[in-house]
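Please look over the sequence and the structure shown below before reading on. The report then takes up the sheets, the contact between the chains and some details of the backbone.

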Amino acid sequence: MKMSHRFFISTGTLTILIAFLSAAFVPVTGQAQTSGAATWTPPKATYSPPRTPWGDPDLQGVWDYQSRIPMQRPAQFKDKPTLTEAELAALAKTPPNQDSCGVGTRKDVACTPEQLADIGAYNEFWNNRNFLADNRTSLIVDPPDGRFPPMMPEAQKRQAEIQKTIGTFDRQRYDSWEDFPTVTRCITEHTPNGPQGYNSGTLITQSPGWIVMFRERLDTRIIPLDKRPHIDDHIRQWNGDSRGWFEGNTLVVETTNFTDKQIIGGGAGSTIPTGIPFGNIRLIERWVPVSAKRMNYYATITDAKTWTKPWTFMLPWERDNTYQLFEYACHEANIGILNSLRGERLLEQKAAEAAAKGALSSDQTSDGLIGATEAAIRSKLGEPKAVDYNGSRWTYETADGVFVLYLFFAEGKVKIATPNDLPLNAVKRR
Amino acid sequence: MENPWKFALIVLFAVRTTAAQTPAGQTALGPNQLQTQIRRLPNGKPDLSGIWQALNTANWDLEGQGGGPSPVLELGAIGATPPGLGVVEGGKIPYQEWAAKKKQENYKNRLKLDPELKCHLPGVPRATYLPYPFQIFSSVSQGKERLAIVYQYSYARREINMGKPTEAPIDSWMGWSNGKWEGDTLVIDVSAFTTPILLSPEGPPSEHWLDRAGNFHSDALHVIERFTPLGPNHLAYEALIEDTKVFTRPWKISMPLYRRLEKNMQLLEFKCPEYTEELLLGPYRKQPNK
């Protein structure tokens with residue numbers, strides 16, 4: 001693409017030709033370059049905010065960045081960077097995410113056994129949805145296909161190894177707190193931060209030489225604007241070390257010194273996929289004012305050890321003067337991790353006890369109930385403690401009151417049993 | 001154009017004619033020196049922006065104490081209690097009878113009970129004199145005065161409402177802060193603290209402690225903080241502490257706060273929830289041999 005760039009600056013005739021040849025490389029949002037150069041060019045501000053008494057653009061107040069747009073462009077939108085008005089209207093009528101079934105789902109909602117059995121996320125009831133008008137099909141604006149750039153072969157290997165050693169939402173393995181995303185551990189969220197279901201309000205306060213951002217959840221980003229050098233390379237932080245400056249109306253922040261301890265994605269607000277240590281990331285963020293109410297936030301991630309080229313996502317931030325940030329005292333009552341780990345250890349203990357008595361055959365555990373009819377279940381376990389979701393979820397409990405057994409039915413037969421290794425003789429008969 | 005705010009800073013240093021108020025007994029500078037050396041906001045009020053830290057032993061014991069051994073044998077002199085004169089006006093905290101006994105119990109059980117041990121939010125005023133720096137961000141812009149305080153410890157921080165006083169929408173660990181100026185003194189009224197919370201099904205509830213010696217308060221705490229500049233690099237800090245459930249009368253602590261003058265000083269992360277995971281969750285980690 002370097003060559004086409006050189007041609008572009010020569011003659012108008014060639015410009016048309018090259019623009020045609022390089023059509024596939026023009027960023028979808030149109031804010032960026034028209035040169036056809038492979039390097040993404042940050043757009044300029046189209047709004048000039050009022051100034052602080054010391055002359056900086058005044059960005060103070062509360063901003064929010066709710067979005068339902070995925071980071072990567074889904075396959076069905078392969079050549080479709082933006083949606084039409086009609087497509088947007090249709091999308092607006094559908095639930096914002098697939099987990100309108102899940103924890104706390106209303107019992108008259110029709111859900112599949114898989115959805116009901118998935119306890120990975122809150123359902124839609126818990127989410128605060130204030131989506132901004134945005135017709136794009138991916139947050140990623142560069143590469144222009146809206147997808148992460150290819151990973152280096154070494155990084156792919158490293159990612160696979162990390163995924164083997166840690167638990168993730170998919171694996172549901174909880175040996176230790178280190179198997180949970182750092183937001184679940186009440187330590188930090190990802191910087192750069194992406195969309196999340198709730199609590200993405202961000203309070204900006206400025207004073208001469210400084211800008212500080214209170215993300216409602218956990219993190220406070222303190223950014224000096226005096227172009228001081230970064231802290232020593234050996235000092236590593238979850239949110240890295242940020243240095244900022246204004247380029248005209250745009251706030252630019254460079255962040256380095258991230259810690260390699262940050263390796264898990266998948267949590268709320270996460271932007272970097274699981275299995276990529278943050279340590280080598282150099283992050284450039286740009287807050288580009290486009291109106292009195294809106295800044296477009298661009299995050300460019302460079303990590304030559306992981307990706308073959310830098311990539312950039314854009315998330316609109318909108319001013320919301322009605323948003324009240326609340327204290328996010330997360331660690332103070334983090335019984336979620338405690339109970340998850342306790343539960344895992346109890347399950348292991350039960351399994352060990354059962355094994356000591358001799359191995360249970362699969363028809364002696366809840367796994368053996370898969371495929372059984374309602375009548376067969378009744379004859380094996382007696383009446384369920386509860387029947388919910390139009391008969392699709394049956395609840396039993398163990399005699400010691402420690403475990404709940406859910407059986408999820410589809411077409412009259414058990415499709416999923418959770419947990420699937422519970423000895424059936426532990427189930428309380430009613 | 002390079003750094004337009006630098007020029008503005010010079011303007012902000014402008015002399016103000018009225019004498020700064022200082023608490024009784026604190027005369028670090030003469031009135032004329034004080035006037036010229038305090039950085040001011042465009043509305044004429046002192047600009048308290050900067051990185052500050054207490055330099056005393058209040059976090060070990062507000063009432064003061066002689067030096068003492070470490071409560072953890074292995075920590076030897078590293079974990080020993082440093083001696084200090086105390087910061088309580090009159091020397092003693094006026095506990096109700098039951099509360100004085102509870103304080104003694106707290107001290108005995110401090111290795112289990114101190115919320116700092118668990119990296120719980122410190123509340124106010126403890127956040128001020130924890131042995132970590134904190135940063136004040138202060139400005140007046142578009143006619144609105146803004147004040148935020150970020151503490152290095154955990155994710156402790158406060159947004160101070162400098163407008164019309166507002167009611168807390170909900171209780172919190174760091175309380176609800178309404179600020180105002182009395183002359184050159186920033187006065188912050190803090191209330192609406194949480195009730196103690198049960199973290200672990202087996203464990204005791206986490207309570208609000210004022211220091212590592214077991215001094216404590218309840219959810220009825222009401223604090224009135226006063227920040228008064230003594231010069232460009234020093235603040236006088238006072239906190240009037242009221243809690244009708246625990247104390248017989250309001251009482252006061254006071255101490256100077258010092259500006260951290262190191263070149264390129266900045267708050268670094270002290271995300272201590274991470275440092276408590278083994279302590280709080282260790283028994284529930286999968287053991288390698290199991």
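What follows is a description of a predicted model, arranged by topic.

## The sheet of chain B

Chain B holds an open sheet of 9 strands, whose order is S4-S3-S2-S1-S13-S12-S11-S6-S5 and whose pairing is antiparallel. Strand S4 (157-160) and strand S5 (176-182) of chain B form the edges, and because each has a single partner strand, one side of each is left without a neighbour in the sheet. From one strand to the next, the twist averages 25°.

Within this order, strand S1 (residues 50-54) of chain B pairs in the antiparallel sense with strand S13 (residues 251-259) of chain B, the two being joined over 3 bridges. In this pairing B:Trp52 stands opposite B:Arg259 of S13(B).

Strand S13 (residues 404-410) of chain A and S14(A) are paired in the antiparallel sense over 5 bridges, and A:Phe408 has A:Ile416, in S14(A), as its bridge partner.

## Where chain B meets chain A

The contact between the two chains involves 58 residues of chain B and 63 residues of chain A, and together the chains bury about 5,100 Å², of which 59% is on carbon and sulfur atoms. Across this interface there are 33 residue pairs in polar contact, counting those with both residues at pLDDT 80 or more. On chain B, the elements that give two or more residues to the side touching chain A are helix H1 (4-12), strand S2 (134-141), strand S3 (144-151), S4, strand S7 (197-198) and helix H6 (277-281). S2(B) gives the most to that side, with 6 residues. By type, the residues on the side of chain B that touches chain A divide into 31 nonpolar, 14 polar and 13 charged.

The count of salt bridges between chain B and chain A is 5. In a salt bridge between the two chains, the side chains of B:Lys271 and A:Asp219 meet at 2.8 Å, N to O.

## A salt bridge within chain A

Over all chains, the count comes to 38 salt bridges. Within chain A, the side chains of A:Lys385 and A:Glu397 meet in a salt bridge at 3.4 Å, N to O. A:Lys385 lies in the loop between helix H7 (374-381) and strand S11 (386-388) of chain A, whereas A:Glu397 lies in strand S12 (residues 393-397) of chain A, so the pair ties together parts that are 12 residues apart in sequence.

## Backbone details

Most residues other than glycine have a negative phi, and most peptide bonds are trans. Against that background, the peptide bond from A:Asp142 to A:Pro143 is cis, with omega near 5°, and A:Pro143 is found in the loop between strand S2 (140-142) and helix H5 (153-165) of chain A. In chain B, a cis peptide bond joins B:Val124 and B:Pro125, with omega about 10°, and B:Pro125 is found in the loop between helix H4 (110-113) and helix H5 (126-129) of chain B.

A:Asn390, although it is not a glycine, has a positive phi of about 55°. The place of A:Asn390 is in the loop between S11 and S12 of chain A.

Methods
Residues numbered from 1 in each chain as written. Chains lettered and ligands numbered in written order. Predicted model: local features only at pLDDT ≥ 70, side-chain atom pairs only at ≥ 80, totals over all residues. Heavy atoms only, no water. Pairing = 2+ DSSP bridges. Helix = DSSP H or I, 4+ residues; strand = E, 2+ residues; numbered from the N terminus. Axes fitted to C-alpha atoms, helices over the stretch in contact; angles between N-to-C directions. Contact = heavy atoms within 4.5 Å. Buried area = accessible area lost by both parts, 1.4 Å probe. Salt bridge = Lys/Arg side-chain N within 4 Å of Asp/Glu carboxyl O. Polar contact = N/O pair within 3.5 Å; in protein donor to acceptor, adjacent residues only side chain to side chain. Nonpolar A, V, L, I, M, F, W, Y, C, P; charged D, E, K, R; others polar.
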